[in-house]
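Grab a pencil and open the viewer. Here are a few exercises to work through, each with a solution.

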Amino acid sequence: MSTRPLYCPRGLVDDPKAFGLRDGWFDSDFGSLRYFTSDRRTSDVATLFLHGVGARWTTWTPLLRSAQERDHLESDVVLVDLPGFGESENRLSHLDAGVVARTLRSLVQGLGYSRLRLVGHSMGGFLALDMATTIPEITSSVHIVAGAYFSVLRAVQSPMAAMFTSPSAAVLFWGQYALSLSHRSPALLRELERIGILKHMLRGLVAHPNEMPRDVFIALADDARGASFRYAASNGVDYDAAIKWGHITAPVIAVFGADDKLVPVRDMERLKDVLPSAQVSLVPDASHFLHIERPGEVLHALAL
């Protein structure tokens with residue numbers, strides 16, 4: 001009789017060499033961007049990983065470890081700290097999705113790649129979908145993890161209406177927004193983590209907070225970037241996802257957590273309505289951080 005894989009089987013890793021990656025810096029209009037790429041190049045297509053808010057490249061390491069165990073993703077991988085997150089700078093005081101897309105295009109082309117396989121979580125998933133509309137000529141495929149942001153966009157554009165249509169998503173989003181207004185949010189989050197409160201605050205984003213490795217919560221606290229969160233959110237003010245994403249021609253594979261309250265199951269259904277060709281799936285017993293909670297299952301579902 002088969003048993004379900006362990007929940008959160010591994011923590012985060014901050015050593016790129018553990019995955020055969022070398023690090024580098026890319027000079028952009030945003031400033032210096034930190035990136036990591038495979039030592040081996042075997043294709044003109046780069047698999048570009050885009051993290052979410054409150055994260056950096058290390059958020060992908062549980063999935064990369066699962067890929068190692070299956071002899072997948074051994075070459076042509078690029079990970080980046082998006083502008084204003086992790087070690088990357090943001091001198092522009094905005095995070096316009098179109099500018100980010102052009103910047104990332106220049107980065108990967110500078111590494112010798114001509115096409116992109118986009119992989120994004122949460123904000124990074126939203127960005128991946130937008131990039132598929134902005135630079136379709138170099139987008140080979142799109143693979144998103146909790147990135148179809150219909151409920152979040154509703155919360156941004158119509159806060160009061162969202163309290164009735166998607167109350168959990170609205171409360172989670174605006175709670176994060178309120179916290180982002182404090183310049184002391186990283187220190188506050190670290191203190192909340194130290195006394196054991198942060199993990200309970202993240203219910204709705206994590207299926208089993210008591211079972212998630214502590215280093216994940218520490219990383220979420222340390223990687224909080226209030227201004228960057230607000231810059232990212234501003235992309236949603238006038239964003240018509242139904243029109244934009246409905247014109248995507250590249251294959252789209254989208255994975256969702258069954259217990260996610262920020263990007264709920266209805267967003268999966270909405271994506272399928274807007275883009276019938278999209279391949280969607282639901283990972284049971286996982287929430288918003290499903291690539292950390294169930295990395296093996298997410299890797300398989302993403303068909304990477």
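This is a predicted model: local features need pLDDT of at least 70, side-chain atom pairs count only at pLDDT 80 or more; totals for chains, interfaces and linings use all residues.

Residues are numbered from 1 along each chain as its sequence is written, and side-chain values use heavy atoms, with hydrogens and water left out.

**Exercise 1. Find the residues with the most contacts inside the largest nonpolar core, then list what Phe49 touches.**

Step 1: A nonpolar core is a set of buried (under 20% relative accessible area, 1.4 Å probe, protein chains only) Ala, Val, Leu, Ile, Met, Phe, Trp, Tyr and Cys residues joined through side-chain atoms within 4.5 Å.

Step 2: The largest one has 104 residues, and Leu48, Phe49, Leu50, Met131, Trp245 and Leu271 have the most contacts inside it.

Step 3: Skip neighbours within four places in sequence, and Phe49 is in contact (heavy atoms within 4.5 Å) with residues including Trp60, Leu73, Val80, Val119 and Leu304.

**Exercise 2. Work out where Ser88 sits and which backbone atoms its side chain reaches.**

Step 1: Look in the loop between strand 4 (77–80) and helix 2 (97–110); helices (H or I, at least four residues) and strands (E, at least two) are DSSP runs, numbered from the N terminus.

Step 2: Ser88 counts as buried because its relative accessibility is 7%.

Step 3: Ser32 is 56 residues away from Ser88 in sequence, yet their C-alpha atoms are 5.9 Å apart.

Step 4: The Ser88 side chain reaches the backbone nitrogen of Arg34 at 2.9 Å and the backbone oxygen of Asp81 at 2.5 Å.

**Exercise 3. Which element gives the largest share of the lining of the largest pocket?**

Step 1: On a 1 Å grid over the protein atoms alone, a pocket is an open set of points with protein on both sides within 12 Å along at least five of seven lines; lining residues have an atom within 4 Å of a point.

Step 2: The largest pocket is lined by 41 residues, with Val53, Gly54, Gln176, Leu205 and Phe229 nearest its centre.

Step 3: Helix 6 takes it, giving seven residues.

**Exercise 4. Name the helix that gives most to the lining of the largest cavity.**

Step 1: A cavity is a set of grid points where a 1.4 Å probe fits but cannot get out.

Step 2: Among the residues lining the largest cavity are Leu12, Arg56, Asp223 and Phe289.

Step 3: The largest share, three residues, comes from helix 9 (residues 214–222).

Methods: Buried means under 20% relative accessible area, exposed over 50%, partly exposed in between (1.4 Å probe, protein chains only). A polar contact is a pair of N or O atoms within 3.5 Å; within protein, one must be able to donate a hydrogen and the other to accept it, and residues adjacent in sequence count only if both atoms are side-chain atoms.
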